[in-house]
Amino acid sequence: MTEPTALTVAIIPARGGSKGVPGKNLRRVGGVPLVERAVRAASAASGVDLVVVSTDDAAISAVAEGAGARVIARPAELAGDTASSESALLHALDVLESEGARVGTIVFVQATSPFIPSEGIAEAVEQIVSGRFDSVFSAYETYGFLWRRNAEGRAAAINHDAARRPRRQDREPHYLETGAFYAFDAVGFRRFQHRFFGQVGIVEVPESSAVEIDDEQQLALAEALAAASALSDSAAPGSTAQEDSARITASVLVTDFDGVHTDDTATVDSEGRESVRVSREDGMGVSRLRRAGIPMLILSTEQNPVVARRAEKLQVPVLHGIDDKASALAAWAAEHGIRLADIAYVGNDVNDLGALGIVGWPIAVANAHPQVKAAARVVLSRHGGEGAVREVIERMLPH
């Protein structure tokens, strides 16, 4: 009988409990839950055959499966504060091999690193599969002078002679482990039950990918970095940029009205009647969406006849005069049997943050408030009232 092909499996341990950052693995960076960012980075890496998430949490399971990962239920005794990542990896390996899989290489990916370069994972896999190394880890090059405090509390040099301060080009580089990913031979890992064994190699990654989230301050830093790169044209799975050029795979579209369908201005006549500026291009897009059978809803804070008239013209249902958009959206989705993960929500201002935080595809128009851009999975190239709705629809429609 032919022996099954050896697989390269990326395993992402992601337990539900976290003291430093509650619900950490589901917290969003660039509008995407951390565990989903890890799944996407691993899935996009050349050489990875299967991505597995080991978790004890139902919500994490749902997000991981939605992102395309295989989920393995992590036993409670392996999900406590003192449980090691190695124990979760060994358990996942046991499950896969009990099902007949032959695992040759393991990539251990940490969801707490939001900016994992897929090409780095691919290089790590190649280094193990080729036999060059038994285990490798991600690290970045540093020429920093390291110090420690001795028993008396005085500074003591570690990697240099404090009496001699050579130029950078005259110093030997060192490598700082990022914790983002490790790769190793599966047989060796079973034997040593540790991530470092045999011939150990380094996969060099950019320092910008080394952010690791263990507290709220680091999460805020990651969100700021994602927002700063939101307008990059080179977004890729696991990168620091948001998905500016990616297809939007949501199956339902929900939008704010003012600042999304309009340019967020209004003209008021002497009788107090308001008029707004909208895009005919958006109207054509909504018509195409309707013909494709994709549900749409307008959700607006404003209680204004112009919202209802525009929705009526577009033949789109509307909920307006809504203060708590997140609760209203969740109730509407439940009523219609729609998963929040399948919804794309387009917003522009801070009153949209609640709704953006519960859907699978939080989207910001190009001129959105900075906090909205930071919460968005996608930042559009068009402004509200200038074809932003059409842009979303074109990216949702099958091509």
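The model is predicted, so local features need pLDDT of at least 70 and side-chain atom pairs count only at pLDDT 80 or more, while totals for chains, interfaces and linings use all residues. Residues are numbered from 1 along each chain as its sequence is written, and side-chain values use heavy atoms, with hydrogens and water left out.

**Stop 1: the seven-stranded sheet**

Select the strands of the open sheet that runs β5-β4-β1-β6-β10-β7-β11, seven in number and mixed in pairing. Strands here (E, at least two residues) and helices (H or I, at least four) are DSSP runs, numbered from the N terminus. Two strands count as paired if DSSP finds at least two bridges between them. Strands of a sheet pair through backbone hydrogen bonds, either parallel or antiparallel.

Colour β5 (70–73) and β11 (200–204) separately: they stand at the edges with a single partner strand each, so one side of each has no neighbour in the sheet. On average, neighbouring strands of this sheet are turned by 30° against each other, direction ignored. Axes are lines fitted to C-alpha atoms, for helices over the stretch in contact, and angles run from 0 to 180 degrees between N-to-C directions.

**Stop 2: β6 and its two partners**

Next select β6 (103–109). Six of its seven residues are buried, so β6 is largely enclosed by the rest of the structure. Buried means under 20% relative accessible area, exposed over 50%, and partly exposed in between, with a 1.4 Å probe and protein chains only.

β1 pairs with β6 in the parallel sense over five bridges; show Ala 10 and its bridge partner in β6, Val 107. β10 (residues 174–185) pairs with β6 in the antiparallel sense, also over five bridges. Two pairs to display are Ile 106 opposite Phe 184 and Phe 108 with Tyr 182.

**Stop 3: β7**

Strand β7 (residues 135–142) is mostly covered, with six of its eight residues buried. Which strand pairs with β7 in the antiparallel sense? That is β10, over seven bridges, with Ala 139 opposite Glu 177. β7 and β11 pair in the parallel sense over five bridges, and here Phe 137 has Ile 202 as its bridge partner.

**Stop 4: helices across the sheet**

**Stop 5: Thr 112**

Select Thr 112, in the loop between β6 and α4 (118–129). Is Thr 112 buried or exposed? Its relative accessibility is 9%, so Thr 112 counts as buried. Leaving aside residues up to four places away in sequence, Thr 112 touches Lys 24, Asn 25, Val 211, Glu 212 and Ile 213. Contact means heavy atoms within 4.5 Å.

**Stop 6: the six-stranded sheet**

Move to the open sheet of six strands in the order β16-β15-β12-β17-β18-β19, with parallel pairing. β16 (318–320) and β19 (378–379) are at the edges, each with a single partner strand, so one side of each is left without a neighbour in the sheet. Within this sheet, β17 (residues 343–347) and β18 (residues 361–364) pair over four bridges; Val 346 has Ile 363 in β18 as its bridge partner.

**Stop 7: the nonpolar cores**

A nonpolar core is a set of buried Ala, Val, Leu, Ile, Met, Phe, Trp, Tyr and Cys residues joined through side-chain atoms within 4.5 Å. The largest has 48 residues, and Leu 253, Val 254 and Leu 329 have the most contacts inside it. Helix α12 gives the most to this core, with five residues. Apart from it lies another core of 32 residues, including Val 39, Ala 64, Ala 111 and Ala 183. Centre the view on Val 254: among the residues that Val 254 touches, beyond four places away in sequence, are Leu 297, Leu 329, Trp 332 and Tyr 345.

**Stop 8: helix α7**

Finish with helix α7 (residues 280–291). Its buried residues are Asp 282, Gly 285, Val 286, Ser 287 and Leu 289, and their cover includes β12 (252–255), β15 (296–300), α8 (305–314) and α12 (388–396). Just after α7, Gly 293 takes a positive phi of about 80°.

Terms used. The expected span of a helix is 1.5 Å times one less than its number of residues.
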